Amino acid sequence: MVVSNEKGDRRERELVNALDAAGFAVMRAPASGSATERELPDVLAGDGTTFYAIEAKSSGGDPIYLSGEEIEALVYFSRNFGAKPRVGVRFDREDWYFFHPGDLYTTDGGNYRVKKETALAEGTDFEEFVGHSEKVTLDDIAEDDGPDQTVLDVLAAFDRGDLDIDEAAAMLED
């Protein structure tokens, strides 16, 4: 049986290794929150231009909760350290997604919650987080005087699952 801290520790190490491979200098605070009087983020990462203090959470289920104190400590540390505060979440069989603390859902009790579907739809994925890609939505394309309405309709039909990739490609080639 895997102890819950072991899984969380493994996920934090996975994040550290991925950030390192993406070219960031990175450090994990393995006893954050428990071995010191000071509240520390789980991961510190920087690439010489951008610096992050990351509170990392993972879950096999749904949703992920963070206490108001965890978020407050993350923001406080980040401000004093000169880093951008981020909450990194990872659900089983999914990648890491990142949020600014201000973008998280606040519960009536003053805690914070991230649902899996919210992470997938609204979170910053790892590639965008490390600067290797930029998320573009259909709305973004429409705002940029991009493709005509027919192209947008085909893409929307594909997104809904009404068309498979080959059907959509054939329609766009015409």
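Asn17 is exposed, with a relative accessible area of 52%, and its place in this predicted model is in helix 1, which covers residues 4–21. Although Asn17 and Met27 are 10 residues apart along the chain, their C-alpha atoms are separated by 9.8 Å.

An open sheet of 6 strands runs through the order 1-2-3-5-6-9, and its pairing is mixed. Strand 1 and strand 9 (124–125) stand at the edges with a single partner strand each, so one side of each is left without a neighbour in the sheet. Strands of a sheet pair through backbone hydrogen bonds, and they may do so in parallel or antiparallel fashion. Strand 3 and strand 5 run parallel and are joined by 8 bridges; in strand 5, Val87 is the bridge partner of Glu55.

**Helix 2 and its packing**

Helix 2 comprises 14 residues, 68–81, and reaches 20 Å from its first C-alpha to its last, close to the 20 Å expected at 1.5 Å a residue. Its buried residues are Gly68, Ile71, Ala73, Leu74, Phe77 and Ser78. These buried residues pack against strand 2 (43–46), strand 3 (51–59), strand 4 (64–66), strand 5 (84–91) and strand 8 (112–114). The helix is followed by Gly82, whose phi is positive, near 90°.

**Nonpolar cores**

The largest nonpolar core has 17 residues, and those with the most contacts inside it are Val87, Val89, Phe99, Leu104 and Ala119. Strand 4, helix 2, strand 5, strand 6 (96–99) and strand 8 are the elements that give two or more residues to this core. The surroundings of Ala119 can be described in detail: once its neighbours within four places in sequence are left aside, Ala119 is in contact with Val89, Phe91, Tyr97, Phe99 and Val114. Apart from this core lies another, of 15 residues, which includes Val16, Leu19, Phe129 and Val130.

**Aromatic pairs**

| Pair | Arrangement | Centre to centre | Between the planes |
|---|---|---|---|
| Phe24 and Tyr52 | tilted | 6.4 Å | 35° |
| Phe98 and Phe126 | tilted | 6.4 Å | 45° |

Phe24 lies in the loop between helix 1 and strand 1 (25–28), whereas Tyr52 lies in strand 3, so the pair ties together parts that are 28 residues apart in sequence. Both Phe24 and Tyr52 are buried. In the other pair, Phe98 belongs to strand 6 and Phe126 to helix 4 (residues 126–129), so this pair ties together parts that are 28 residues apart in sequence. Phe98 is buried, with a relative accessible area of 3%, and Phe126, at 13% relative accessibility, counts as buried because the cut-off is under 20%.

How values were computed: Residues numbered from 1 in each chain as written. Predicted model: local features only at pLDDT ≥ 70, side-chain atom pairs only at ≥ 80, totals over all residues. Heavy atoms only, no water. Helix = DSSP H or I, 4+ residues; strand = E, 2+ residues; numbered from the N terminus. Expected span 1.5 Å × (residues − 1). Buried < 20%, exposed > 50% of the residue type's maximum accessible area, 1.4 Å probe, protein only. Contact = heavy atoms within 4.5 Å. Core = buried A, V, L, I, M, F, W, Y, C linked by side-chain atoms within 4.5 Å. Phe/Tyr/Trp six-rings, centres within 6.5 Å; stacked < 30°, edge-to-face > 60°. Pairing = 2+ DSSP bridges.
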